[in-house]
Amino acid sequence: MSLIKKIKDYYKKGGRSLFTTPSHNQGYFLTTAAEKLLGKQFIKYDLSEIDGFDNLRNPQGAIKKLLTNISNIYDSKASFILTNGSTSGIIASMLASLKEGDKVLVPRNCHISVYNGLVLSGAFPVWFLPEYDSEWGIYKGIKAAQIEKVLKEQNDIKALIITSPTYEGLFSETEEIAKVCKRYGVIFIVDEAHGALYNFGNFKTKPAIQCGADISVQSLHKTAGAPNPCALLHISKQSSLNPDKVQKALNLINTTSPSYALLCACEASVKYLDSKKGRNDIKHLIDDVNEFKKNLPDNIEVYTGFNDATKLLIKVGGTDPERITSILYKTYGIEEEFSNDKSMLFVCGIGTNKKKIKLLNKALISINKEIKPQKRIHSIFSYVIPEIKFTPRDAYFKKHTIIKTKDSLNRVCAKAVVNYPPGIPILLPGEIISKKTINLIESKTIEVCMD
Ligand SMILES: Cc1ncc(COP(=O)(O)O)c(C=O)c1O
């Protein structure tokens with residue numbers, strides 16, 4: 001039985017007088033502000049672990065059945081619902097596979113949750129830089145050869161974490177990387193937060209666990225239409241990782257009061273994605289996006305390559321993206337996901353209809369006709385990954401102080417320094433500040449460790 005059906009049946013049979021949390025009493029407390037804001041249904045489904053409704057921390061009944069259903073759909077060894085986003089899944093994956101001092105290979109453009117996972121696990125990061133695409137101002141997907149080179153040189157690396165697709169939608173060579181990881185006995189975790197549609201549509205890549213990754217983490221809320229912060233974690237059938245370890249790690253970091261309304265939203269979302277309608281909607285989304293690309297003048301370029309077609313990364317020749325996004329916002333009420341000095345990103349997901357895509361298309365074409373080319377600034381970014389003095393965990397617990405950047409040579413950074421573009425940290429806590437990095441820091445002051 002599904003969790004949604006179980007809750008529906010519970011109400012059909014009259015429910016019970018619950019002397020339990022949450023205190024809004026599923027709507028019987030009628031003045032609740034949350035009910036006014038979120039609606040009666042949301043509040044009705046917002047139950048706790050009352051009798052017969054299982055427990056997300058140790059699923060044995062209705063939730064276990066739901067997780068088994070999800071695992072069957074995703075063809076995984078085990079799947080977990082995350083009601084605290086991919087962030088919690090990434091941290092739990094790290095806590096389940098790494099212990100203090102273990103080396104983990106990580107690209108410098110990873111999500112902040114990976115960094116947080118380093119602080120919590122005490123693992124030692126081996127950072128690497130993916131190739132930079134200066135035409136588009138983004139980092140490319142990761143090549144298997146780059147990973148193999150590092151694993152050959154350092155035989156004590158325990159795990160690798162990559163982001164595929166990247167925030168901008170670029171895929172890594174996940175299948176080849178998985179083979180390399182297997183050869184070297186390295187646990188392979190994929191942050192697939194932006195890839196929740198891949199199991200149900202025709203994309204240029206297979207989902208990460210089908211490519212051979214041990215773990216993947218997908219945000220259902222990002223592209224698959226579920227509310228914030230619904231997400232899933234999957235362990236692949238081939239992985240030797242014990243699902244109990246992941247459960248234990250999730251229990252360490254998550255609330256003891258997960259929202260049943262969100263659990264039901266995850267169930268509904270997966271059921272829809274896996275349905276004929278869901279798969280059709282994904283197909284139409286891809287068709288609409290492809291149609292968008294056809295109707296553009298030469299001056300407007302959409303990124304095409306080994307990437308997710310639903311992430312529209314766009315360049316308008318001869319113009320800084322900021323000028324375009326400002327007109328889009330002010331004149332057309334269109335807001336992009338993000339832009340850098342070269343390109344703009346428009347995220348399309350299951351809720352992006354044809355009308356909205358056409359609106360963007362027309363707006364860009366008309367701005368392009370009116371806007372005069374300008375002299376563009378070309379930023380050149382030369383960067384060397386700094387040496388590590390303390391692990392992120394040790395740096396986190398050290399006392400900090402703020403000093404002038406010009407006096408910070410050879411001190412140890414205590415707070416991340418990030419330059420935009422390219423948006424990756426030029427310094428992370430625990431890293432030694434060199435002459436070269438000082439020249440890249442824009443701020444006049446910097447937070448450093450005290451010893
Ligand atoms: C690449 C990437 N990974 C992970 C996350 C975290 O996802 P969530 O918001 O579901 O916690 C994000 C969120 O922006 C992201 O962009």
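## Helix pair α13 and α15

A crossing counts as right-handed when the near helix is turned clockwise from the far one by less than a right angle. In this predicted model, α13 passes α15 in such a right-handed crossing. Helix α13 covers residues 276–294 and helix α15 covers residues 354–370. Their axes come within 10 Å and cross at roughly 15 degrees. Angles under 35 degrees count as roughly parallel, so α13 is roughly parallel to α15.

From α13, the contact draws on L285, D288, V289 and F292. From α15, K354, I357, L360, N361 and L364 take part. By class, the contact has six nonpolar residues, one polar residue and two charged residues.

## The sheet

Seven strands form an open sheet. Their order is β1-β9-β8-β7-β6-β2-β3, and the pairing is mixed. Strands β1 (76–82) and β3 (124–128) stand at the edges. Each has a single partner strand, so one side of each is left without a neighbour in the sheet. Neighbouring strands are turned by 20 degrees against each other on average, direction ignored.

Strands of a sheet pair through backbone hydrogen bonds, either parallel or antiparallel. Both senses can be illustrated here. Strands β8 (residues 215–219) and β9 (residues 231–236) pair in the antiparallel sense over five bridges. In this pair, I215 stands opposite I235 in β9. Strands β6 and β7 run parallel and are joined by five bridges. There, I161 stands opposite I189 in β7.

## Helices on the sheet

Helix α4 (residues 62–74) lies across β1, β8 and β9. It runs at about 125 degrees to β1. Helix α5 also packs on the sheet, touching β1, β6 (157–163), β7 (187–191), β8 and β9. The direction of α5 makes about 165 degrees with that of β8.

## Burial of β7

Strand β7 is mostly covered, with five of its five residues buried. In a regular strand the side chains alternate between the two faces of the sheet. On one side of β7 lie I187, I189 and D191, and on the other F188 and V190. Both faces are covered, and these residues are all buried.

D102 sits in the loop between α5 (85–97) and β2 (103–107). Buried means under 20% relative accessible area. D102 has 11% relative accessibility, so D102 counts as buried. Leaving aside residues up to four places away in sequence, D102 touches S97, A123, F124 and K158.

How values were computed: Residues numbered from 1 in each chain as written. Predicted model: local features only at pLDDT ≥ 70, side-chain atom pairs only at ≥ 80, totals over all residues. Heavy atoms only, no water. Helix = DSSP H or I, 4+ residues; strand = E, 2+ residues; numbered from the N terminus. Buried < 20%, exposed > 50% of the residue type's maximum accessible area, 1.4 Å probe, protein only. Contact = heavy atoms within 4.5 Å. Axes fitted to C-alpha atoms, helices over the stretch in contact; angles between N-to-C directions. Parallel < 35°, antiparallel > 145°, perpendicular 65-115°, else oblique. Nonpolar A, V, L, I, M, F, W, Y, C, P; charged D, E, K, R; others polar. Pairing = 2+ DSSP bridges.
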